[in-house]
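Please examine the sequence together with the three-dimensional structure. The explanation below is meant to be read alongside both.

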Amino acid sequence: MTTTPSSHAGADDAAAVEGTASTGPGRPRIARAALLAVVFVCAACGLVYELALVSLGSFLIGNTATQASIVLAVMVFAMGVGSLAAKPLQPHSVTAFAVIELALALLGGLSVMALYAAFAYLSLYTQAMIGVAFVLGVLIGAEIPLLMVLLQRIRRQEAGSAVADIFAVDYIGALVGGLCFPFLLLPIFGQLRGALVVGLVNAAAGCFLVFVVFRHSLSRARMAILGVAALAVVAALVAGLLYSSRFEVTARQALYRDPVVAAERTAYQDIVITERRTADGPDTRLYLNGDLQFSSIDEYRYHEALVHPAMSGRHDRVLILGGGDGLALREVLAYPDTRQVTLVELDPEMIRLARTDERLTRLNRGSMNDPRAQVITADAFSWLRQHREPYDVIVVDMPDPDESATAKLYSTEFYALARAHLADGARMVVQSGSPYFAPKSFWCIQSTLRDAGLWTLPYHVDVPSFGDWGFHLAAVRPVPLEVRAPHPLRFLSPAELASAAVLPLDRPPLDMPPSTLMDPRILRYAQSEWSVY
């Protein structure tokens with residue numbers, strides 16, 4: 001079925017008004033299938049760009065819910081703007097689609113690299129992210145109206161049927177893109193290179209539709225100009241792939257004071273180890289998603305205060321939740337009468353580093369390979385739900401609750417699950433942040449523990465690399481705050497521990513509501529307090 005060219009069609013698209021002129025005689029079905037395949041690929045690429053921005057923001061900034069809300073809201077709004085902006089481009093749909101697709105492939109492919117650079121060098125991540133999300137949304141929004149015009153020029157059909165066909169394929173493509181991002185692109189390529197690979201796929205799909213399916217609708221001059229532009233875009237993306245490793249190392253180093261000696265981007269977090277030489281020896285530091293976890297110069301203060309008050313009672317069987325660096329495990333294994341220690345850590349890469357990296361094994365004294373230690377790779381919340389074994393001591397050594405993924409580990413529900421694993425007379429200790437720099441978070445943890453039916457005793461010590469840091473000793477019934485270590489400790493003496501339970505008059509307890517899965521107050525408190533700090 002053919003139609004008469006519109007009187008206002010541009011020179012480059014005049015031939016495209018008749019399907020046979022752009023697709024060859026007798027092949028409209030093949031051309032139509034090819035166009036729908038391009039719709040599928042473009043939809044998959046567009047969703048990957050969205051997910052890449054959300055994922056990058058969660059790694060660099062934290063607060064996945066806020067990052068997702070901002071990215072999706074901005075992009076959906078911009079898609080509406082792009083759809084309206086595409087209306088005057090419809091008479092020149094082939095050329096317009098080619099330009100839009102090449103721009104989308106270039107910006108989408110380089111978006112992660114550009115935003116990482118803005119974060120590392122300019123500290124302008126949020127502003128840059130909003131700008132990139134808006135432009136990407138405009139370009140994605142302009143795709144469908146132009147593709148609709150091209151579909152109708154191949155073969156006329158009712159508007160409702162054409163819309164149904166386009167959107168059905170578009171939604172299926174979005175499904176495939178959404179599944180490929182976490183299960184294929186991130187594990188194989190990582191965030192930075194994954195976005196570049198998708199950009200190349202996006203460019204290839206657009207070029208196929210323009211230079212193969214609608215090649216007869218372009219003049220030689222426009223074909224040459226668009227061909228040069230396509231080669232330039234592909235060259236830029238390939239250059240980005242070749243330079244990506246060097247760029248990532250350079251940009252990452254800009255984020256840290258000391259030289260980066262090891263770095264791993266996992267499915268769960270960004271792991272970075274730095275080290276610098278000091279007069280007292282090497283200062284090795286571990287960062288997770290940019291947050292300092294310990295400094296080798298004073299980590300013993302934190303881990304002695306975390307572990308030994310909880311170990312002062314019965315400690316035959318000990319459970320450590322988190323603590324994948326093996327340092328809390330080192331302190332637990334110092335007790336020769338401890339028979340079994342179970343450590344539950346989410347990230348297998350963290351476990352591997354703690355077992356094999358010479359900097360970490362030197363600090364944890366090979367604790368992760370001790371025969372008394374059973375190291376399990378699992379989500380602590382899920383693991384507690386699936387097991388029923390009682391323990392004499394539970395050590396909760398989790399990252400700070402300033403991200404959505406960790407907020408559930410500071411909830412009433414989580415502490416209630418942990419309470420169910422406490423043997424008679426058992427003790428539990430929770431790292432609780434700073435009562436000085438984050439008092440709302442600190443006292444919210446106490447109220448949440450009590451909401452789960454636990455007695456609590458707060459205490460705090462000075463860790464120079466962190467500042468003043470706090471903990472909560474918890475049990476079903478009151479227990480004394482004491483230390484009965486089998487050997488002299490470097491820092492935590494009985495006198496030091498006694499003073500740790502004293503809170504100064506200008507830092508009184510706060511009456512905070514508990515945090516739950518449905519109302520994660522701890523997340524709001526932690527984000528507001530630590531962002532200021």
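The model is predicted: local features need pLDDT of at least 70, side-chain atom pairs count only at pLDDT 80 or more, and totals for chains, interfaces and linings use all residues. Residues are numbered from 1 along each chain as its sequence is written, and side-chain values use heavy atoms, with hydrogens and water left out.

Helices and strands are DSSP runs numbered from the N terminus, helices being H or I with at least four residues and strands E with at least two. Helix H4 (residues 93-122) packs against helix H2 (residues 28-60), their axes coming within 11 Å and crossing at roughly 15°. Axes here are lines fitted to C-alpha atoms, for helices over the stretch in contact, and angles run from 0 to 180 degrees between N-to-C directions. H2 is therefore roughly parallel to H4; angles under 35 degrees count as roughly parallel, over 145 as roughly antiparallel, 65 to 115 as roughly perpendicular and the rest as oblique. The crossing of H2 and H4 is left-handed, a term used if the near helix is turned anticlockwise from the far one by less than a right angle, with right-handed used if clockwise.

Contact means heavy atoms within 4.5 Å. On the H2 side, the residues meeting H4 include Val-38, Cys-42, Tyr-49 and Leu-60, and their counterparts in H4 include Phe-97, Glu-101, Gly-108, Gly-109 and Phe-119. The residues of this H2–H4 contact comprise 14 nonpolar, three polar and one charged. In this classification Ala, Val, Leu, Ile, Met, Phe, Trp, Tyr, Cys and Pro are nonpolar, Asp, Glu, Lys and Arg are charged, and the others, Gly among them, are polar.

H4 also packs against helix H7 (residues 220-254), where the axes come within 10 Å and cross at roughly 15°. H4 and H7 are therefore roughly parallel to each other, and their crossing is left-handed. The contact of H4 with H7 has 20 nonpolar, five polar and three charged residues.

Most residues other than glycine have a negative phi. Ser-123, although not a glycine, has a positive phi of about 55°; this residue is found in the loop between H4 and helix H5 (125-154). Asn-289 likewise has a positive phi, near 50°, and is placed in the loop between strand S3 (281-288) and strand S4 (291-295). Ser-123 counts as exposed at 61% relative accessibility, whereas Asn-289 is buried at 12%. Buried means under 20% relative accessible area, exposed over 50%, and partly exposed in between (1.4 Å probe, protein chains only).

Which residues does the UniProt annotation "binding site" cover? The unreviewed entry assigns it to His-303 and Asp-325. Although spread over 23 residues of sequence, they cluster in space, with a largest C-alpha distance of 11.3 Å. His-303 is found in helix H8 (residues 299-307) and is buried, with a relative accessible area of 1%.

UniProt, again in an unreviewed entry, places the feature "active site" at Asp-397. UniProt positions are given in the numbering used here, feature names are shortened, and annotations may be inferred rather than shown by experiment. Asp-397 is in strand S8 (residues 391-397) and counts as buried at 10% relative accessibility. Leaving aside neighbours within four places in sequence, Asp-397 is in contact with residues including His-303, Tyr-302, Gly-322 and Gln-431. His-303, not counting residues up to four places away in sequence, touches both Asp-325 and Asp-397, among others.
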